[in-house]
Every structure is written in structure tokens, then in C-alpha cells.
Amino acid sequence: MNRPLPRAYWCHADTDSTRTAPPPDDLLTTAPGQALAWVRASVRRLTPGLDRDTRRRARTWLGDHGSTEAAIRNLRRGQSYAY
């Protein structure tokens with residue numbers, strides 16, 4: 001009997017090259033919390049190279065832990081997530 005494959009999350013950042021940080025390496029994981037941690041770490045890493053308004057929005061998003069928890073719940077339900 002074939003067992004179903006585990007759900008996997010592919011994390012990838014499409015960025016223009018910045019002077020402050022190269023794009024983060026991709027991640028493939030079966031853990032939604034690890035996927036969101038990767039997204040948050042990637043945004044935090046790339047924030048210094050953003051313009052002022054975009055940097056402010058990124059920091060606001062990073063401080064919104066409720067949206068992180070909601071994103072993890074949605075990933076567990078099979079919905080995609082993008083920042």
C-alpha cells in the first residue's frame with residue numbers, strides 16, 4: 001500500500017541584488033513553522049537594503065506575531081503563503 005507523501009514547503013526569495021545582502025538560500029521543509037521562520041529571517045536580513053517606506057512595512061510585518069500564527073495555520077490547511 002502506498003503511503004501519502006508528506007506535505008512540503010518550498011521557500012524561495014525573488015530579489016534584486018542588494019548591496020547589503022545577497023538573496024537567502026532556498027529551503028525545502030515539511031514543517032510550516034520552519035518555513036515561516038525562514039520567511040521572517042529572510043525579510044529581516046533583506047530589510048536594510050529596502051527604501052524607507054518598504055523597510056517600515058517590513059518591520060511592522062515582522063512585529064505582527066498574530067499574522068505569523070495565522071500563516072502557519074493556513075499552511076497546515078494546505079494554503080500557500082507569500083510575503
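Predicted model: local features only at pLDDT ≥ 70, side-chain atom pairs only at ≥ 80, totals over all residues.
Trainee: Let's start with the overall layout. How many helices and strands does the chain have, and what pattern do they follow?

Mentor: There are three helices and two strands, and along the sequence they run β-β-α-α-α. The C-alpha trace spans about 55 × 25 × 15 Å along its principal axes. Of the 83 residues, 29% count as buried.

Trainee: Why is Trp-61 called buried?

Mentor: Its relative accessibility is 11%, and the cut-off for buried is under 20%, so Trp-61 counts as buried. Trp-61 sits in helix H2. Leaving out neighbours within four places in sequence, Trp-61 is in contact with Val-39, Arg-40, Val-43, Ser-67, Tyr-81 and Tyr-83.

Trainee: How far apart are Trp-61 and Tyr-83, in sequence and in space?

Mentor: They are 22 residues apart in sequence, with their C-alpha atoms 9.2 Å apart. Val-39 touches both Trp-61 and Tyr-83.

Trainee: Which residues have the most contacts inside the largest nonpolar core?

Mentor: Cys-11, Leu-36, Trp-38, Val-39, Val-43 and Trp-61, in a core of 15 residues. The elements giving two or more residues to this core are strand E1 (9-11) and helices H1 (32-46), H2 (52-63) and H3 (65-76). H1 gives the most, with five residues.

Trainee: On to helix packing. Why are H1 and H2 called roughly antiparallel?

Mentor: Their axes come within 10 Å and cross at roughly 150 degrees. Angles over 145 degrees count as roughly antiparallel, so H1 and H2 fall in that class. H1 passes H2 in a left-handed crossing.

Trainee: Which residues make that contact?

Mentor: H1 brings Val-39, Arg-40, Val-43 and Arg-44, while H2 brings Ala-58, Trp-61 and Leu-62. By class, the contact of H1 with H2 has five nonpolar, no polar and two charged residues.

Trainee: Now H1 and H3. How do you know that they are oblique?

Mentor: Their axes are 9 Å apart and the angle is about 135 degrees. Roughly antiparallel would need over 145 degrees, and roughly perpendicular covers 65 to 115. The angle of about 135 degrees lies between those ranges, so H1 and H3 are oblique to each other. Their crossing is right-handed.

Trainee: What residues make the H1 and H3 contact, and how do they split by class?

Mentor: Pro-32, Gly-33, Leu-36 and Arg-40 come from H1, and His-65, Thr-68, Ala-71, Ile-72, Leu-75 and Arg-76 come from H3. By class, the contact of H1 with H3 has five nonpolar, three polar and two charged residues.

Trainee: One last thing. What share of the contacts between residues at least 6 apart in sequence join residues at least 24 apart?

Mentor: That share is 40% for this chain.

How values were computed. Residues numbered from 1 in each chain as written. Heavy atoms only, no water. Core = buried A, V, L, I, M, F, W, Y, C linked by side-chain atoms within 4.5 Å. Buried < 20%, exposed > 50% of the residue type's maximum accessible area, 1.4 Å probe, protein only. Helix = DSSP H or I, 4+ residues; strand = E, 2+ residues; numbered from the N terminus. Contact = heavy atoms within 4.5 Å. Axes fitted to C-alpha atoms, helices over the stretch in contact; angles between N-to-C directions. Parallel < 35°, antiparallel > 145°, perpendicular 65-115°, else oblique. Left-handed = near helix turned anticlockwise from the far one by under 90°. Nonpolar A, V, L, I, M, F, W, Y, C, P; charged D, E, K, R; others polar.
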